[in-house]
Amino acid sequence: MPKTDNINSIIDHKLFTEEDIHNMCVKLGKQLTADYAGKKPLIVGALKGAIFFLTDLVREMDVKAEIDFLDVSSYGDEMESSGEVKLISDLATDVKDRDVLIVEDIVDTGLTLEYMKDLLKKRGAKSVKCCVLLNKEANRTSDVEVEYSGSKVGNEFVVGYGLDFMNYYRNLRYIGVLKPEIIKLVNNK
Ligand code: IMP
């Protein structure tokens with residue numbers, strides 16, 4: 001890990017400012033309010049990356065919704081998906097006959113999202129859709145459907161607003177691209 005306490009110093013450039021992120025949440029919130037009108041969805045946040053996005057998104061939704069969390073991991077401390085998805089911590093809520101909306105920070109290969117959707121469908125959910133903040137399409141290996149997304153991103157590693165590198169930098173207010181030397185530092189360890 002870089003020996004600095006200044007978390008902004010690891011950023012090469014900003015991709016999305018706080019205002020950009022806020023605008024994405026407002027736009028998605030409006031869409032979801034319209035699409036879930038008259039329903040009582042269960043909103044499932046994918047830990048830990050989605051917590052910042054989820055809290056902002058649900059406050060833009062004028063919908064009677066329940067919230068629960070699922071922790072599923074395919075990365076561990078790595079920067080690339082291991083390809084194997086593990087359930088780390090389960091929901092407390094029964095999803096049978098529920099309209100479920102998964103909220104995820106970023107979809108990359110799509111394997112994590114596919115795993116979560118399959119799991120919730122198998123448990124009898126009435127509908128399972130997802131809302132991701134960022135959609136990284138370059139590495140997609142799954143044909144999982146991404147119903148709602150804030151923005152597309154290129155094939156670069158981004159951090160901030162919940163997104164982490166080695167479990168750090170989630171608490172940046174904006175989303176930025178990591179400096180290449182930070183990535184090299186870790187890869188050469
Ligand atoms: P997937 O299964 O390959 O789609 O991976 C999804 C998960 O990978 C996300 O929930 C993130 O935790 C992580 N991830 C993918 N790309 C990035 C990135 O650029 N920055 C931080 N985390 C990422």
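1. Let's start with the ligand. The residues of the shell around it divide into seven nonpolar, five polar and six charged. Here Ala, Val, Leu, Ile, Met, Phe, Trp, Tyr, Cys and Pro count as nonpolar, Asp, Glu, Lys and Arg as charged, and the others, Gly among them, as polar.

2. A word on what you are looking at: this is a predicted model, in which local features need pLDDT of at least 70 and side-chain atom pairs count only at pLDDT 80 or more, while totals for chains, interfaces and linings use all residues. Residues are numbered from 1 along each chain as its sequence is written, and side-chain values use heavy atoms, with hydrogens and water left out.

3. Back to the shell: 18 residues surround the ligand, and the closest are D108, T109, G110, T112 and V158. A residue is taken as near if one of its heavy atoms lies within 4 Å of the molecule or strand in question. Both β5 (99–107) and α3 (111–122) supply at least two residues of this shell, and β5 gives the most, with four residues. The helices (H or I, at least four residues) and strands (E, at least two) are DSSP runs, numbered from the N terminus.

4. Six strands make an open sheet in the order β4-β3-β2-β5-β6-β7, with mixed pairing. Its edge strands, β4 (86–89) and β7 (148–153), each pair on one side only. From one strand to the next, the twist averages 30°. Two strands are said to pair if DSSP finds at least two bridges between them.

5. Within that sheet, β5 and β6 (residues 127–136) pair in the parallel sense over eight bridges, and V100 has V128 in β6 as its bridge partner. Helix α1 packs on the sheet, touching β5, β6 and β7, and its direction makes about 150° with that of β7. Helix α3 also packs on the sheet, touching β2 (42–47), β3 (66–73), β4, β5 and β6, with its direction at about 170° to that of β5. Contact means heavy atoms within 4.5 Å; axes are lines fitted to C-alpha atoms, for helices over the stretch in contact, and angles run from 0 to 180 degrees between N-to-C directions.

6. There is also an open sheet of three strands, in the order β1-β9-β8 with antiparallel pairing. Here β1 (11–16) and β8 (158–159) are the edge strands, each pairing on one side only. β1 and β9 (residues 175–178) pair over four bridges, and H13 stands opposite V177 in β9. Helix α1 (residues 18–35) lies across β1 and β9, running at about 30° to β1.

7. Where does D164 sit, and what does it touch? D164 is in the loop between β8 and β9. Not counting residues up to four places away in sequence, D164 touches F157, V158, V159 and R170. The side chains of D164 and R170 are joined by a polar contact of 3.4 Å, and the side chain of D164 also reaches the backbone nitrogen of N167 at 2.7 Å. A polar contact is a pair of N or O atoms within 3.5 Å; within protein, one must be able to donate a hydrogen and the other to accept it, and residues adjacent in sequence count only if both atoms are side-chain atoms.

8. Two backbone details are worth a look on your screen. A cis peptide bond joins L47 and K48, with omega about -5°; K48 is found in the loop between β2 and α2 (51–58). D97, in the loop between β4 and β5, has a positive phi of about 65° although it is not a glycine.
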